[in-house]
Every structure is written in C-alpha cells, then in structure tokens.
Amino acid sequence: MLNMFRTGFLVRTTHTVLTWVITLILFLHNTDLRRCEENGELMQPILFSLLVLLSVMLYFTVSLMDPGFVLSDTTKFPPGLDEELETMIPQSSAPRLRRCGYCLLQQPMRARHCQTCKRCVRRFDHHCPWIENCVGERNHRWFVLYLIVQLLALLWALQIALSGISSAGPWELWFRVNGFLLAALGVVGLFSVVVVLLLGCHLFLVSTNSTTWEFMSRHRISYLKNCGDEENPFDRGVLCNLWDFFCICRTVVWEQAYYRSNHSHV
C-alpha cells in the first residue's frame, strides 16, 4: 500500500486540492450556499459539505485498496466445482488457465496483468489513471459507488455555481466579478460530463456482468473469443447481475460459473 501511495501521490493530492478549492470558491462567492449561511439556514451548506467529504473518502478508498491482486497460483479447482460437473464438460470447451508471462503466477479466469501496477488483478476491469489504481474484483463496486456520489456532488456544485453568477456592468467587470466562479463552473462541468459517461458505461457493463477489458478485447480473450457476439457465459440476467455486484462480498470462482454456463448449453 505504501508503494501505491507513493506512485499516486501527485494525482491524489491534485484531486483533493482541486475538490476543496472549488468548494471554497462556492462558499466565498454570493451563491445559494453563501446566502443560506448568512440567513442562518445551515442545512444546505452542511449537507453539501458532507457530500463532498463523502466523495473524497470514497475516492481514497477506491484509490488505496487492493483491487484484487493475485497473490498465489490457483492451479486447483475449489471444492465447489465437483468432479461430476467437470466430467460432463468436454475438455475442448474448457480453456486452460494462463500463466502470466510477467509475474509468473497462474491467472484465475477473468484476471489480467496490469503493466502499471505490475500485478495480476482478479476480474480486471481497467487501470484508472485518476485514482492511480486498478479497478478489479475487490474495488469495482466501490468505484461505481464513488462515481454515483461524485456525480451528485458535481451536479449540485453546478447548480450552486450558476446561482452565484451576477449580471452586473460591462463584460470586463462581469468577467472580473465572476472569473473564479466561471473557472469552477468550467471544471465542474467538464468533470460532470466525464463522470456521466463513465457511470453510464459501468452500469451497462455491471448489468451484463462484463468488464471494460472483456468488452473491448473479447475477440482476443480465450474464454470469450469462441462465444457469439451477444453471448456472455457470466451473464445471469440484469437483476441477478446487479444483486451479485453490489450485495455479494466474496471472491467469485469464475471458472465454476463458466463451466456451469457451458454445461447448461450442452
């Protein structure tokens, strides 16, 4: 964790400073927050501050936690995959587990080696440069939750920034008066668009039990390249996929899910 903190120190510091600078600008200018504060109505400022604080805490949670690094070989099937099921599946339909050419560990199904983290990650989704960490099996749900909270904070910040834009005087004076708010509005607007796109993509992938890596590179992945374009051996339906993703906190044996899916089609 110490190494992860060092490598991402600049990114995490930039995120934190930018977040609180924009929050400070919203409080110091004549926005709804400032007016509520002056009128003694503290509910909105407190709720907004707590939402921003929650987004920062989730950011560091996702950024610093283990995304699901592969720590040892997984050459044996777990007890849940019984011998009777294995004998019912033709050997040709069961892709062999790969041994990573970089860390020399045998990769579980859906795992991939990250060149940046220099580790194999279970249910690898992608390496996110903004959190300077991989998104994988252990932190993917927290990443989606972070995006939801961050989007709420950004949309609220947009509304607050717009409420403080004044329309006084010629454009030079107007620009001087509103300069900081306009800068905050531009940054918040840009990040809002990015987060909306990211959240939409990830909710779609979660609903189909797929990952960014599998969606982009399925033609090169051994356990997917022989499947049809619309076929996903891990897809259990939208409701089950969402339930498993957000509510089941355990390491999933994807080999078992894959073989059971193949068996159901035999």
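Biologist: Where is Glu214 found?
Modeller: In helix H8, residues 212-217. Bear in mind that this is a predicted model.

Biologist: Is Glu214 buried or exposed?
Modeller: Buried. Its relative accessibility is 2%, and the cut-off for buried is under 20%, so Glu214 counts as buried.

Biologist: What does Glu214 touch?
Modeller: Leaving out residues up to four places away in sequence, Glu214 touches Arg110, Asn209, Ile221, Tyr223, Leu224 and Phe234.

Biologist: Let's zoom out. How many helices and strands does the protein chain have?
Modeller: Ten helices and four strands. From the N terminus, the order is α-α-α-α-α-β-β-β-β-α-α-α-α-α.

Biologist: How much of the chain is buried?
Modeller: Buried residues make up 42% of the 266 residues.

Biologist: And contacts between residues at least 24 apart, what share do they take?
Modeller: 65%, counted among contacts between residues at least 6 apart in sequence.

Biologist: Now the core. Which residues have the most contacts inside the largest nonpolar core?
Modeller: Leu26, Phe48, Ile131 and Phe143. That core has 34 residues.

Biologist: Which helices supply at least two residues of this core?
Modeller: Helix H2 (9-28), helix H4 (43-64), helix H6 (140-163) and helix H7 (171-207). H6 gives the most, with twelve residues.

Biologist: What does Leu26 touch?
Modeller: Thr31, Leu33, Phe48, Ala157, Ile160, Ala161 and Leu181, again not counting residues up to four places away in sequence.

Biologist: What lies apart from that core?
Modeller: Another core, of 14 residues. Among them are Phe69, Cys114, Cys134 and Trp213.

Biologist: Which residues in H2 are buried?
Modeller: Arg12, His15, Thr19, Ile22, Thr23, Ile25, Leu26 and Phe27.

Biologist: What span should H4 have?
Modeller: 32 Å for its 22 residues at 1.5 Å a residue. The end C-alpha atoms are 32 Å apart, which agrees.

Biologist: Which residues of H4 are buried?
Modeller: The list is Pro45, Phe48, Leu51, Val52, Ser55, Val56, Leu58, Tyr59, Val62, Ser63 and Leu64.

Biologist: What about Met43, buried or exposed?
Modeller: Met43 is exposed, with a relative accessible area of 58%. Its place is in helix H4. Met43 and Leu33 are ten residues apart in sequence, and their C-alpha atoms are 9.7 Å apart.

Biologist: Pockets next. How much space lies in the largest pocket?
Modeller: About 600 Å³.

Biologist: Which residues lie nearest its centre?
Modeller: Asp244, Ile248, Arg250, Val252 and Trp254. They belong to a lining of 27 residues.

Biologist: Which elements give two or more residues to that lining?
Modeller: H6, helix H9 (238-247) and helix H10 (254-265). The largest share, four residues, comes from H10.

Biologist: How does the lining split by class?
Modeller: Twelve nonpolar, seven polar and eight charged residues.

Biologist: Tell me more about Asp244. What does Asp244 touch?
Modeller: Arg141 and Arg236, not counting residues up to four places away in sequence. Asp244 lies in helix H9. Asp244 is partly exposed, with a relative accessible area of 26%. The C-alpha atoms of Asp244 and Val206 are separated by 9.5 Å, and these residues are 38 apart along the chain.

Biologist: Last topic, backbone. What is the phi of Lys118?
Modeller: Positive, about 60°, although Lys118 is not a glycine. Most residues other than glycine have a negative phi.

Biologist: Where is Lys118 placed?
Modeller: In the loop between strand S1 (112-114) and strand S2 (119-121). Lys118 counts as exposed, at 59% relative accessibility.

Biologist: And what is the phi of Glu132?
Modeller: Near 50°, a positive value in a residue other than glycine. Glu132 is found in the loop between strand S3 (126-128) and strand S4 (133-135).

Biologist: Does Glu132 count as buried or exposed?
Modeller: Buried, at 18% relative accessibility.

Technical notes: Residues are numbered from 1 along each chain as its sequence is written. This is a predicted model: local features need pLDDT of at least 70, side-chain atom pairs count only at pLDDT 80 or more; totals for chains, interfaces and linings use all residues. Side-chain values use heavy atoms; hydrogens and water are left out. A nonpolar core is a set of buried Ala, Val, Leu, Ile, Met, Phe, Trp, Tyr and Cys residues joined through side-chain atoms within 4.5 Å. Buried means under 20% relative accessible area, exposed over 50%, partly exposed in between (1.4 Å probe, protein chains only). Contact means heavy atoms within 4.5 Å. On a 1 Å grid over the protein atoms alone, a cavity is a set of points where a 1.4 Å probe fits but cannot get out, and a pocket is an open set with protein on both sides within 12 Å along at least five of seven lines; lining residues have an atom within 4 Å of a point. Grid points are joined across faces, edges and corners, and a volume is the space filled by probe spheres set on the points. Ala, Val, Leu, Ile, Met, Phe, Trp, Tyr, Cys and Pro count as nonpolar, Asp, Glu, Lys and Arg as charged, and the others, Gly among them, as polar. The expected span of a helix is 1.5 Å times one less than its number of residues.
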